[in-house]
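Here are a few exercises to work through with the model open in your viewer. Try each one before reading on.

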Amino acid sequence: MALKSAIEWTDATWNPVTGCTKISPGCAHCYAEAITLRFRRGPAFLPGQAVIKTHDDRLRLPLSWKDPRRIFVNSMSDLFHEEVSLEFIQKVFQVMEQAERHTFQILTKRHERLEAIAGELAWPDNVWMGVSVENQYWADRRIPLLAKVPAAVRFLSVEPLLKPVDLSRHLENIDWVVVGGESGPKARGLQEEWVRKIRDDCLQADVSFFFKQWGGRTSKAGGRTLDGRIWDQMPAVKTSTKKAGWDNPLRGSLSASSR
Ligand code: SF4
């Protein structure tokens, strides 16, 4: 839990859930796993010992933070992990709705669970919802489901970018795209033209583009300049599609297996 975060696109982190399990190639060098192992914060990521833990005692923390912040929800887990109950996720959404001075940024790789329960969640205007994208395979599966979710801001975290990705056919209902290369001792590199292509697709589609880092041995090693400048566009804040009268097509779609 951090009042300040080193992540360029957020101000603070809030972890009402800890622990996770790997689900796609972007997880290979998971930051949360590295932190857990380095600081011996329990068995959350040790082989065969994954422990997904919900923390009721952390739920009200953002309500105690007086100054408005952008808050990254669950930097150490995935809120939509199948082992996190719907009831707990609803509690997290209730806190976010109460803490209206803050902006909450949620990121998931569990796009199917997100779609399945989105109709059971409140979606206040201060909640931004995103999916991770590391290659074309996951772009084609995660983004169409995110696009159905009635969040005020929908975003993509294209990090770590592992292969060239064509986002051009997916940007219609997306407000913000963040791109970054991997960092750490085993960082998998990315190429300039992959980043440039995504930036150009975003500019063409009028989608805000944020380039977080080139990556390398450390997150700051390669800097974050692309074509001579920093790209740190943020999405325009708007009223959620739900509150604007959009009928949520997901309502009632909850199935027992998705809880
Ligand atoms: S979903 Fe996120 S937190 Fe979970 S293992 Fe993958 S990278 Fe780590």
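**Exercise 1.** In what order do the seven strands form the open sheet, and is the pairing parallel or antiparallel?

*Solution.* The model is predicted, with local features needing pLDDT of at least 70 and side-chain atom pairs counting only at pLDDT 80 or more, while totals for chains, interfaces and linings use all residues. Numbering starts from 1 along each chain as its sequence is written.

Step 1: the order is 1-4-5-6-7-8-9, with parallel pairing (strands are DSSP E runs of at least two residues, numbered from the N terminus; a pair needs at least two DSSP bridges).
Step 2: strand 1 (12-14) and strand 9 (208-213) are the edges, each pairing on one side only.
Step 3: from one strand to the next, the twist averages 25 degrees (axes are lines fitted to C-alpha atoms; angles run from 0 to 180 degrees between N-to-C directions).

**Exercise 2.** Find what helix 5 touches on the sheet, and which of its residues are buried.

*Solution.* Step 1: helix 5 (residues 136-146) packs on strand 6 and strand 7, at about 165 degrees to the direction of strand 6 (contact: backbone-placed C-beta atoms within 7 Å; helices: DSSP H or I runs of at least four residues).
Step 1: W138, A139, R142, I143 and L146 are its buried residues (20 or more other backbone-placed C-beta atoms within 10 Å of their own).
Step 2: these fall within an arc of 100 degrees down the axis of helix 5, so they line one face (the arc uses directions from the helix axis to the C-beta atoms).
Step 3: their packing partners are helix 4 (111-117), strand 6 and strand 7.

Terms used:
Two residues are in contact if their C-beta atoms, placed from the backbone, lie within 7 Å. A residue is buried if 20 or more other C-beta atoms lie within 10 Å of its own, exposed if 12 or fewer, and partly exposed in between; C-beta atoms are placed from the backbone.
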